[in-house]
Amino acid sequence: MNFPVVPILLLILFVGSARACLGQTEAATDKTVPLKGCEGINFETEGYRVRTSRVEDPFDFLPWVRIRQRRAATKIAALVDGKPFLYSTVRDQAREIIEQENFLPETSDVRVKIRLELLSVENCSDNTLDVVYRIYSTQIMPVLSSLPESRTTEKQSPQESAGMTRVDVPSRSPIHLTPLAGYDSTNKLFGGARLEITPKSLWKLPFSSFLLQAQGSAEIGTVSAALTGSNDSEGWLAHSEWLLNYNYFSLPTGEGNIKGGDFSAQFTGVTKALAQGNLTLRFGGLLEGGNRQSAIRNLRLAENTVPNSAFGSLRLYAGLASRLRHNVFSASYGLEMGSVGPAARVDWRKHIGDIRHELWYPLGDHRILDLESRVTLGVIQIPGKIPLPKRFFGGNNEEFFLPGDSWQIRANPVIRAISGSRLYRTNAGDGGDKFFSYNLTAAYSLWRKPLMPEEIVKDADFNAELQNAIDVVTGNLQNYHTTKDPHYGELVALLPTVQTALDDLKQAVQNAQQARPGQFETQFEDCLKAISTAARRVRSAFQARDVGQQYGSVRALLSPSVEVDENRLAKGMTCVTELNAALAVDPSIASGSARLDSIRSMMEAEFGRIDQKRAESKAKAEMAFTRRTLSTLFNEVNLYAVSPVFVFDVARLGSGRSGFGDLRYGPGAGLRFEFASAAHFTAGYAWNIKPRPGEGNGTLFFSLGVRDLFH
């Protein structure tokens, strides 16, 4: 599916508040930002020379961007450096160079594309100045931008949220490699990596990438390997994913490890935006088989529990997600039905509920207060037997109901003050069958570098232009939905007929002209031109590469396009009617004109029956998440940020008739470092209030993710 929108290009000359400085271009006169020392100057008439020029892109740490940036900078420097300031070169020719480099290539998935090219001047002194070209490109996946997982990516890797790591360019490597590391007092220091390979084709299989992730230390080990595929659709199911996965884990409890390995097949779907663009639904299923093992010292088995066993299970899951201006919310439910060994029965049923909410708000320029909260609940019903590792084990180790990163449903009680998976002892035995946990993380960006410079973000003209660009994209999307209306299909079906009618009318006019040499020359010329123009619009509709282009050509034939001086069929009819009156009515022209007018009336009627309000409503709903995501990227996202972090966790774990067990809670504090060009990591310490034997008074926690080494 080709998303029915177009990239929006803005070239804004940021030089000063006075209109005189942009006297040569009316289109740019209202798009100015006062920069100190450069206000109110017409650089060309005042005889300024360009001292230096440079091209900036916030994502220039990506290899493919850096190549194009340097190439553009070299060409522009040869064009303007050391030469008189001329708007025709500094602005117009330089813009052509930047456009030729194409900083917004195609991607393999469906995205809304916005490209901004901003020109500013600096250091205006001694009749010399420096020229800066800033490029900001972003490609948003409309539905997926509503998900909480996408919000996490925005903070840690804005280049990925902006769609700059998945472009189709020759210099792009199909290999993505991300080093990982972490520490707590039970897991010890562990390291690993995530490898993703995205070849252009995967042996003609319905998969687009291969994933391999592994982490390990002397105490902990995890390995997963997967083949993944996805599809974007124009129907109610906007996005779907499928995955074949192998998973192995060994998690320390402080008294030994719980282990397991399994194969699974999974499908997940995401609906289009619902509730006027404020809600999306997710759902899916997973079938798996494997084994679970335990090697725990002083083991206390709860009733109906086996320490080691093969198993098979079916998981069903559903959820909803919403994104507002400064909020992301999601609620997910998962049901697992499993059996010990290869059997067609249900030995246990596991229910998981997971609610996430994130609120962020700027307190100052790009100084973001970020509050993340999460509530997770789980219950296991055991009519038969259950392997011990399938019960609930809690602590600093986080377990998920599903493999992969696209939908993270937490499936165990997480409390960062208890290291590893040490939270597992209950009165009824080891491993819980019910739990509750609440996690709060608060952070505030003290030191940061914004993705967009402050003087640009705060400029009213820039923000107006950005909103106008989004409005244009929304309008194109509305046109796309208009083409799905059945009345539009009826209208298009009339195109061959109108083409024939135009050809016949043109021939009748030409015959009349030949029969009257030297007479009414201007009228004949005007009418033939009007008919030919209408015929070209019809041919353009036939030859259009996509429905958006076709819609524009069809609309140009009819009265709704009068505001842009089109309405080509009516113009042709008016001209022919006036000509025929001057000719005292030519029968062939009259007949051809009547036939064309009849067809035009039918087309106007079909166009009028199109439900434009419905198309507009659908377009606005589908763009709602994109608008909010773009607002966040341009106004709030930082390229790097250093933030103090406060954490507070509450958890309860129970089994059988013993209830949920004691309330466990742990406050903590630390620092969060997010560097888009290098890495993101968090380090801190959480205190275990009222620790039980073997748990410790708290734990130092540390996690590290390094930027993709190949992108």
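## A buried asparagine

N412 has a relative accessibility of 0%, under the 20% cut-off, and therefore counts as buried. The model described here is a predicted one. In the chain, N412 sits in the loop that runs between β17 (386-387) and β18 (425-426).

A polar atom of the N412 side chain lies 3.1 Å from the backbone oxygen of F393. F393 is also among the residues that N412 contacts once neighbours within four places in sequence are set aside; the others are G394, N397, E398, E399, F435 and S437.

## The chain as a whole

The chain contains 13 helices and 25 strands. Its C-alpha trace spans about 110 × 70 × 40 Å along the principal axes. Of the 711 residues, 51% are buried. Taking contacts between residues at least 6 apart in sequence, 67% join residues at least 24 apart.

The accessible surface amounts to about 30,200 Å², with carbon and sulfur atoms contributing 55% of that area. Side chains that carry charge comprise 79 positive and 76 negative ones, and the centres of these two sets are 7 Å apart.

## Strand pairing around β11

Strand β11 (residues 280-296) pairs with strand β10 (residues 256-271) in the antiparallel sense, through 15 bridges. One of the residue pairs here is G261 with N291, the latter being the bridge partner in β11.

β11 also pairs with strand β13 (residues 309-323), again antiparallel, over 13 bridges. In this pairing G290 stands opposite F311 of β13.

## Residues with positive phi

Most residues other than glycine have a negative phi. N123 has a positive value, with phi near 50°. N123 belongs to strand β3 (residues 112-125). Its relative accessibility is 45%, so N123 counts as partly exposed.

K188 is another non-glycine residue with a positive phi, here near 65°. K188 is placed in the loop between β5 (175-183) and β6 (190-197). Because its relative accessibility is 38%, K188 counts as partly exposed.

Terms used:
Residues are numbered from 1 along each chain as its sequence is written. This is a predicted model: local features need pLDDT of at least 70, side-chain atom pairs count only at pLDDT 80 or more; totals for chains, interfaces and linings use all residues. Side-chain values use heavy atoms; hydrogens and water are left out. Helices (H or I, at least four residues) and strands (E, at least two) are DSSP runs, numbered from the N terminus. Buried means under 20% relative accessible area, exposed over 50%, partly exposed in between (1.4 Å probe, protein chains only). Contact means heavy atoms within 4.5 Å. Accessible areas come from the Shrake-Rupley method with a 1.4 Å probe; for residues, only the protein chains shown count as cover. Lys and Arg count as positive and Asp and Glu as negative; His and the chain ends are not counted. The place of a charge is taken as NZ of Lys, CZ of Arg, CG of Asp or CD of Glu. A polar contact is a pair of N or O atoms within 3.5 Å; within protein, one must be able to donate a hydrogen and the other to accept it, and residues adjacent in sequence count only if both atoms are side-chain atoms. Two strands pair if DSSP finds at least two bridges between them.
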